[in-house]
Amino acid sequence: MSEARLIETLKADLCASFEVRAIGPGRWNVRTPLLFDDGDALPVFVSYIDGQWSLTDLGGTVSHSFFDEFQFTDARFERVGLVVSNHGAEFGEYNSIDLPLGGPPTPFDVGIFLQIVAQVQAVAVTSRTDRDQSRYVKTVQQGIESRLLTPDFDENWSPEDVVDQTRATYRADLRIGTSGGADVVVFAASTTDKANVSALTIGRFQRVRPDLIPVLAFHPARVASSAIYRFQDEVQDDDVVIPVNPGSYRELTERLRSLGVEITEN
Amino acid sequence: MQLYSRANLNPALAHDFSVGFIYTNYSDQSYRVIRCNGPHDTDHTNVIEGNVIVRSAHIHRLTERYQALRPPRQDGFAEATDAYLDIVGALEYLAALVNLQVSGALFR
């Protein structure tokens, strides 16, 4: 293919990949070649309502980008809000991204709007760490609970004195009563941040409940050794940290059994 | 396997919904196996075949050839469907498709 032919073909194909069509009174859809990873188009709509021009995604970006999320956290929406406001746009009632305009949209307005949508999508991608952490906690909790021979356990547990005396939230992912009457508290960390917070939390717990037996289950490929050392230093015991890959609980269950937890061998 | 559903919060956009199955393996890797989407106001493009589904309900499926793309688009392939009209219908259709027996009401 000659250079001239390449330029001509690409230019024609690019132009053909853009389209504007009416979808209702005062509303038009702008189709572009920018797609989500599942092939659905990034949502761009021109709106003209009560004399006000704007570009909007009709809430499609948040619902599409977060469709496999099961926790819509305040922190994520705060990040989305920062991205949106940074470009002079607004985060609407139904999680829509709205960019008010002084007149009919120009190609540059559409370009700016596409940037916003793409950046909000990036927030979803960077939120995967949060999602992976919450999934890891759930996986470890279920992995342990399904093997317990005792009903004496609680998820997201905190000693009553800690709840009464503190403003921040300090939680262990699992508390399990042992045959000897003591409580084992399990923290599950697939991020370095979570391991650091777990060290802080067990320190807080042991000020009011020095009898608690801590265990940190950590993802061996994702948690920095510095955070593991911090947890060990906090409780002054090197044997309380167990590397746990999702689905592989043998070492963890053996450790829990040695601490007096009634748990199956498999 | 996780069953999920999501819908646009705007009541005027009730046709913007998605229900599907996500499989997560022991390495914590997730795969969107199948998703039944509503006829949302944006188009879907099958980038390998080059066809566009315009504002119609469509079903995304995990395929080997779309996973082989760079970057991978695991469920980038979709087919238009008229098997359901709303999110409840989509969930019932998905349940029948994967032989999931529903006990009680799906939505209250």
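Tutor: Let us begin with the word contact, which means that heavy atoms lie within 4.5 Å. In chain A, residues 24 or more positions apart account for 58% of the contacts with a separation of 6 or more. Before we go on, note that this is a predicted model, in which local features need pLDDT of at least 70 and side-chain atom pairs count only at pLDDT 80 or more, while totals for chains, interfaces and linings use all residues. Residues are numbered from 1 along each chain as its sequence is written, chains are lettered from A and ligands numbered from 1 in the order in which they are written, and side-chain values use heavy atoms, with hydrogens and water left out.

Student: How many helices and strands does chain A have, and what share of its residues is buried?

Tutor: Helices (H or I, at least four residues) and strands (E, at least two) are DSSP runs, numbered from the N terminus. Chain A has nine helices and eleven strands. Buried means under 20% relative accessible area, exposed means over 50%, and partly exposed lies in between, using a 1.4 Å probe and protein chains only; buried residues make up 48% of the 266 residues in chain A.

Student: Which residues of helix α8 of chain A are buried?

Tutor: An α-helix has 3.6 residues a turn, so residues three or four places apart point the same way. In α8(A), residues 225-235, the buried ones are A227(A), I228(A), F231(A), Q232(A) and V235(A). They lie on the same side of α8(A) because they cover an arc of only 140° around the axis, the arc being that of the directions from the helix axis to the C-beta atoms. Y229(A) and D233(A), on the other side of α8(A), are exposed. The buried residues of α8(A) pack against β9 (183-189), α7 (192-208), β10 (213-218) and β11 (241-243) of chain A.

Student: Is K194(A) buried or exposed, and which side chain does its own side chain meet in a polar contact?

Tutor: K194(A), found in helix α7 of chain A, counts as buried because its relative accessibility is 17%. A polar contact is a pair of N or O atoms within 3.5 Å; within protein, one must be able to donate a hydrogen and the other to accept it, and residues adjacent in sequence count only if both atoms are side-chain atoms. The side chain of K194(A) makes such a contact, of 2.7 Å, with the side chain of D173(A). D173(A) is in strand β8 (residues 172-177) of chain A, and at 8% relative accessibility D173(A) counts as buried.

Student: How much area do chain B and chain A bury between them?

Tutor: The size of an interface is often given as the accessible area lost when the parts come together. Buried area is the accessible area (1.4 Å probe) that two parts lose on being put together, summed over both. Chain B and chain A bury about 2600 Å² between them, 50% of it on carbon and sulfur atoms, and 34 residues of chain B are in contact with 30 residues of chain A.

Student: How many salt bridges are counted between chain B and chain A?

Tutor: A salt bridge is a side-chain nitrogen of Lys or Arg within 4 Å of a carboxyl oxygen of Asp or Glu. The count between chain B and chain A is four, and the side chains of D38(A) and R35(B) meet in a salt bridge at 2.5 Å, N to O.
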